[in-house]
Amino acid sequence: MNTLTIFTFFIFCLVLTGCNDDDSSSTVQGTSKLTVRLVDEPGDFEHVYIDIVDVLVKVNNDSEDDNWQSLEAINTGIYDLLELTGGINVLLADEYTIPSGTLNQIRLVLGNNNTVVIDGISQELTTPSAQQSGLKIQVNETLEPDFEYVFWLDFNVDESIVIAGSSGNIILKPVIRASAEISTGIISGTIAPSDVQTLVSVNVGSEVISTYADIDGNYVLVGVPAGNYDVTFTPDIDSGLLPTVVEDVEVVVGQTTVLDVVIL
């Protein structure tokens, strides 16, 4: 009886381990695009200058200190946070491609030139040693493949600047809230016949978003802003087939618009 019980328990453990392995290996495949913008809530100071040198992200990794990826911020520099109100913002990183999955954290890396102006006097903002490697902002947002996301970093000035009692030191302890919005949608579908190389395209202002259908006739147009578009299907000129246009296709942010099969 004891032998049967042990054997049953052993089989149960094997099954449980197999299930855990399946769960841990299920990760989202593909890539997403990420844009990061900085804004500010109004604060009771004359000026607050922040020296931004990089933006890092951590994707599909909960550990504390490894696998940080730079977004290669395109607009590093010193910014007066109090000017970033009323719709004004700073574009820190633009449509950077990262793996899809869970965006765990964003790290805003600051330089040494951080100052605050009070009563016309500029004073240095000191940064605690624990934050010198960058301020970690918890996000934990799921990024779906082929979508573009905009993350807004909202810098709360009043809560971020601390006057340290009798020492007179002014300490920068950034309080930042991250919020996400999906900025684009997807158009997908199938063409027939599928053995003709066909360009699928939409005009977005002065730009063209395009792709080729694959050998099965499937296509996916990614990164299309919300709106209504004419989708043009242009077969290889040697096929003798004429271009086909599907008019007034609606694209909704965060959604995939699937078209009926297009017969060339």
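Accessible areas are computed by the Shrake-Rupley method with a 1.4 Å probe, and for residues only the protein chains shown count as cover.

**Figure 1. Overview of the chain.** The model is predicted, so local features need pLDDT of at least 70 and side-chain atom pairs count only at pLDDT 80 or more, while totals for chains, interfaces and linings use all residues. Residues are numbered from 1 along each chain as its sequence is written, and side-chain values use heavy atoms, with hydrogens and water left out. The chain exposes about 14600 Å², and carbon and sulfur atoms supply 51% of that area. It contains two helices and 21 strands; helices (H or I, at least four residues) and strands (E, at least two) are DSSP runs numbered from the N terminus. Of the 264 residues, 37% are buried, where buried means under 20% relative accessible area, exposed over 50%, and partly exposed in between (1.4 Å probe, protein chains only). Contact means heavy atoms within 4.5 Å. Among contacts between residues at least 6 apart in sequence, 72% join residues at least 24 apart.

**Figure 2. The largest nonpolar core and a separate one.** A nonpolar core is a set of buried Ala, Val, Leu, Ile, Met, Phe, Trp, Tyr and Cys residues joined through side-chain atoms within 4.5 Å. The largest such core has 40 residues, and those with the most contacts inside it are Leu34, Leu38, Val48, Ile50, Leu103 and Ile161. At least two residues of this core come from each of several strands, including strand E1 (31-41), strand E5 (90-99), strand E6 (101-110) and strand E9 (135-143). The largest share, six residues, is supplied by E2. Another core, of 18 residues, lies apart from this one and has Val202, Leu221, Tyr229 and Leu259 among its members. Ile50 touches Gly77, Ile78, Tyr79, Leu81, Leu110, Asn113, Asn114, Leu125, Phe155 and Leu172, when residues up to four places away in sequence are not counted.

**Figure 3. An open sheet of four strands.** The strand order is E16-E15-E18-E19, with antiparallel pairing; two strands pair if DSSP finds at least two bridges between them. Strand E16 (207-212) and strand E19 (244-251) are the edge strands, each pairing on one side only. From one strand to the next, the twist averages 25°, with axes being lines fitted to C-alpha atoms (for helices over the stretch in contact) and angles running from 0 to 180 degrees between N-to-C directions. Strand E15 (residues 198-204) and strand E18 (residues 227-235) run antiparallel and are joined by four bridges. Within this pair, Leu199 has Thr234 of E18 as its bridge partner.

**Figure 4. Ser201 in strand E15.** Ser201 belongs to strand E15 and counts as buried because its relative accessibility is 12%. Leaving aside neighbours within four places in sequence, Ser201 is in contact with Val208, Ile209, Ser210, Leu221, Asp230, Val231 and Thr232.

Figure 5. Strand E7 (residues 115-118) and strand E8 (residues 121-126) pair in the antiparallel sense over four bridges, and Val116 stands opposite Gln123 in E8. Two residues lie between the strands of this hairpin. Asp119 is exposed, because its relative accessible area is 70%. E8 also runs parallel to E12, to which two bridges join it; here Thr126 stands opposite Ile171 in E12.

**Figure 6. The surroundings of Ser70.** Ser70 is located in strand E3 (residues 69-70) and is partly exposed, with a relative accessible area of 25%. Apart from neighbours within four places in sequence, Ser70 is in contact with Asp54, Val55, Leu56 and Tyr96. The side chains of Ser70 and Asp54 are joined by a polar contact of 3.0 Å. A polar contact is a pair of N or O atoms within 3.5 Å; within protein, one must be able to donate a hydrogen and the other to accept it, and residues adjacent in sequence count only if both atoms are side-chain atoms. A polar atom of the Ser70 side chain also lies 2.9 Å from the backbone nitrogen of Glu72. Ser70 and Val57 are 13 residues apart in sequence, and their C-alpha atoms are 6.5 Å apart in space.

**Figure 7. Backbone features in two loops.** Ala192 and Pro193 are joined by a cis peptide bond, with omega of about 0°. Pro193 is found in the loop between strand E14 (185-192) and E15. Asn60 lies in the loop between E2 and E3, and its phi is near 55°, a positive value in a residue other than glycine. Asn60 counts as partly exposed, at 41% relative accessibility.
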